[in-house]
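Please read it with the sequence and the coordinates open beside the text.

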Amino acid sequence: MSVEQAYELLSRAGELPYGQARTIMVEEALRLAETAADERLAYRIRTYLRTEYTQSGERAKAFAVFVRCLSDYDRNPDLGEEHQLFWGFKSTVTGLTRFPEIPLDRTLAVLDDMERRYRLAGEGLQPVYMCRSVVTQHVHGPEAAEEWYTRWHAAPRTRLSDCEGCDPSTKVAYLAARGRDEDAIALAEPLLRGELGCDEQPHTILTELLFSYLRTGRLEAAADAHRRAYRAQRDRLAELWGIAVHLEFCARSGNEARGLELLERHLGWLDRAPTPYDRMRFAAAGALLLRRLAEIGHGDVTVRRPAHGDRPAAEVTAADLRAELTREALDLAARFDARNGTPEQGRLVRELLDAEPLADHLPLTPYARRATTPPPAPAPRDDLEGVDDLDRLFDLAEEHWRLGEFPAALAAWRRVDTVAGELTPIQRGRRLDGEGLERLLSEDPPGAIDRWRRAAEQYTRGDDEESTQSATSRYAAVLCQTGQAEAGLPLLESAFAWLDAHGTDPRRVLAARTRVAAAYAENGRVEEALGLLDGAPAPAEPGDLGELEMARTRVLGAAGRDAELTPALRRAVDGYRRGGRRAVLAEAAFLLGRRLAASDAEEDAAEADALLTEAITNAPADHPALRAAAYAVRGGRLLARGDAGQAAEDLIEAVAGFTAEGSHHQAAYARQDLCVAYLETGRYLEAAETAEEALPMFEAHGDADAARRTRYLLGNAQRDLGEVDAAADTFTRLAEDERADQPAVAARLLVQAGDLLSRLDKDATAAERFAAAAEASTAAGDPYGTVQALRRRALCVMWSGSAEGGLTAMAGARAALADLPGDEPAALAWEMALIDFDEARILGALERFDEAVAAADRAAAAFADLDQKDPAEAAEKLRADLIAARPTAGDTPQ
């Protein structure tokens, strides 16, 4: 019984990812084999356990198991093949170098023993040369390993050589260390083209290539290599060396912020590093990253360090952590050098600690760069450097202000500061007007109120009542906008009344009128607001008409009078266009374009596209959020029309713009659409990473629906990317969220998870998912879903090693046929035929051939009656195969 349990544990362990849970299962299987005194099985499990320890980050335990296997084999060579044992020499020899407490003589002795055994067994020495090259490079440096590398590279491959995916990876590491970057890249090309591969590839070779790509200017390749390799390594403690390389890459490619994320995510791994060498490498790379953060002005950051042993979790300053990591790396390097009798590891660590950037900033995603700036505005009408006349400068500033060209306005006011001497009260008022605008643009309403109130005082001193009332109207409007309408509205009304009766500048009167209307609307006085706007004289300038109509749209929007919005926006857009007021035209065009984009009318859709493009083209450089919003809407429209490729380009700009503006919630929604565009264009890596970036943003904002949709997109991306295990886990967790309220959705997700697990030959776990899918289908009132999930569960039970269990499970699926509706005989016949077909397969596995043939007969006949040619042919073929496998009388053992 213990032996059967051991085999069952090994089978279940194979369905888990490398890690503690899997290792414990294999250890328990070994204990059961030893209890059963099955020496051969125990030896076999120990050879597995060596790999388990290596892959789960417990390298020291792997050495002890290898030594035990070697001793057992020497005592009894009949325990198993020597191939697996001899294969283990390679990782043992190279792994011993990573522990400074293991004497170098012992490593060399194991290496000599490896060569001796290979020679006696008639094996080729290519793997031995590889190990000698690695050990020599570790102790003396890459130049000293040249001879061994040459022998390794020239020797023919053997059955004990690393696979055709991993062997080049180790060679690439050597070539990169020698600075032979072009050779390293060329050697890796067949693997990266997909011609070769294994479980360790391509992420290992991509990690080794990172700095070769950077040094040769292949920046896009470097970014792609980092993203792909880190993604494969990020969840495995055994890959800590690779994480260290990615930290260094971030520090040397201008991605310090990304590096800080990685450092904080993996810092706890340092306390359980697989080897001291990995610990040294990670500590040195972390110290380099923290040094770079200080050099670019972020040395005051803190890093969250998890608890370990007696050390509590804490926020550690970058300076303190850098000092600790530097000390750790140098101390470990000194131990290695003392063991090796050479300064090589100390040299490498100091070189890493002092490393300089290889790129100023390498964007890791298309949207990790600045958003594209709009086409340049027309050249300034005046060269401010040549203007010394103060009143001329004030006029220019106020004209730019009126047109919404705020950077140009501020530039003119700053020119005033350069050339001004003593200002008159009116000039001081005009300068304070500029300071008020600057405060408002900087989101400092109290500062704006203060400056415009002081401007009004200066205008009064200068006996300019019109300017006094205009400044009063401005600060009174801000009072209303900041919840101080009781104080602000009377001032606003009074200023407008004076300007309406006495003002000589129609634009000032119009501005005051629209401010009062806005305040009325904000206080629920919509009809008064609209009446005030309706009573305005017809503006003489088209741009002023745009201002009036834009004010009307804001009042209508506040009142929820949507039916009137579109005509008002059209008039505003038309006025701004004819007036050449590009900055304010961008906002009006976006608002109208967004409204029309929601229309079903074809003519509205075409106009919407043109308006959104107009908004993107005219949006000022200091308003990235507006351009980002226009890109997001236009990208969403392109996506809905099936143009995912162009949609992705727009949505990339949207994400970049929102992110630059700090609008992270809006960026999350743009990322969600971008993820869809990436999926539809086969860019699965980008889709997965985009979804992973959006997900925490939705969770932080409590948007559960968006988070669920994003997880579903992530699952699809993981599936198509080949991350089948991760996709199955994502779909399973989604199903758990949906099971109570949406059992039908949960059932579909569980079926997807079962499909994926079955593809990985994780059949026992897949059977559990199909069983859960059957329960969810029953809860959803879907009897067909129940039957189909139970049938597929039965097959997975069989594939997991229990044909009898599979037959029992299939009986459950057959019983569930009784719940199918009787008014759909064809559907019932189809499901019954499928059960007969799959039951024939299980009966065949049990060698119950007569029953299996009968079941296949029934399936073939039913498929034929349903006019299902391909399934009928498959059933006939299964029947023939079963008959061929059925023993004849002469085959019966005597």
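Does cysteine 163 count as buried, partly exposed or exposed, and what is its relative accessibility? The model is a predicted one, and in it cysteine 163 has a relative accessibility of 25%, so that it counts as partly exposed.

**Cysteines**

- The number of disulfides in the structure is 0.

**Packing of H9 and H11**

- Helix H9, which spans residues 166-177, packs with helix H11, residues 203-215, at an angle of about 30 degrees, and the two axes are 9 Å apart.
- Because angles under 35 degrees count as roughly parallel, H9 and H11 are described as roughly parallel to each other.
- The handedness of the crossing formed by H9 and H11 is left-handed.
- On the H9 side the contact is made by Pro168, Ser169, Val172, Ala173 and Ala176, which meet Thr204, Ile205, Glu208, Leu209, Ser212 and Arg215 on the H11 side.

**Aspartates with positive phi**

- Aspartate 761 is not a glycine, yet it has a positive phi of about 65 degrees.
- The loop that holds aspartate 761 runs between helix H36 (743-759) and helix H37 (763-779), and the residue counts as exposed because its relative accessibility is 58%.
- Aspartate 867, likewise a residue other than glycine, has a positive phi of about 60 degrees.
- Aspartate 867 is located in the loop between helix H41 (849-865) and helix H42 (869-885), and with a relative accessibility of 67% it counts as exposed.

**Proline 446**

- Proline 446 lies within helix H21, which covers residues 445-461, and its relative accessible area of 56% means that it is exposed.
- From proline 446 to threonine 482 the separation is 36 residues in sequence, while the C-alpha to C-alpha distance in space is 8.9 Å.

Methods: Residues are numbered from 1 along each chain as its sequence is written. This is a predicted model: local features need pLDDT of at least 70, side-chain atom pairs count only at pLDDT 80 or more; totals for chains, interfaces and linings use all residues. Side-chain values use heavy atoms; hydrogens and water are left out. Axes are lines fitted to C-alpha atoms, for helices over the stretch in contact, and angles run from 0 to 180 degrees between N-to-C directions. Helices (H or I, at least four residues) and strands (E, at least two) are DSSP runs, numbered from the N terminus. Angles under 35 degrees count as roughly parallel, over 145 as roughly antiparallel, 65 to 115 as roughly perpendicular and the rest as oblique. A crossing is left-handed if the near helix is turned anticlockwise from the far one by less than a right angle, and right-handed if clockwise. Contact means heavy atoms within 4.5 Å. A disulfide is a pair of cysteine sulfur atoms within 2.5 Å. Buried means under 20% relative accessible area, exposed over 50%, partly exposed in between (1.4 Å probe, protein chains only).
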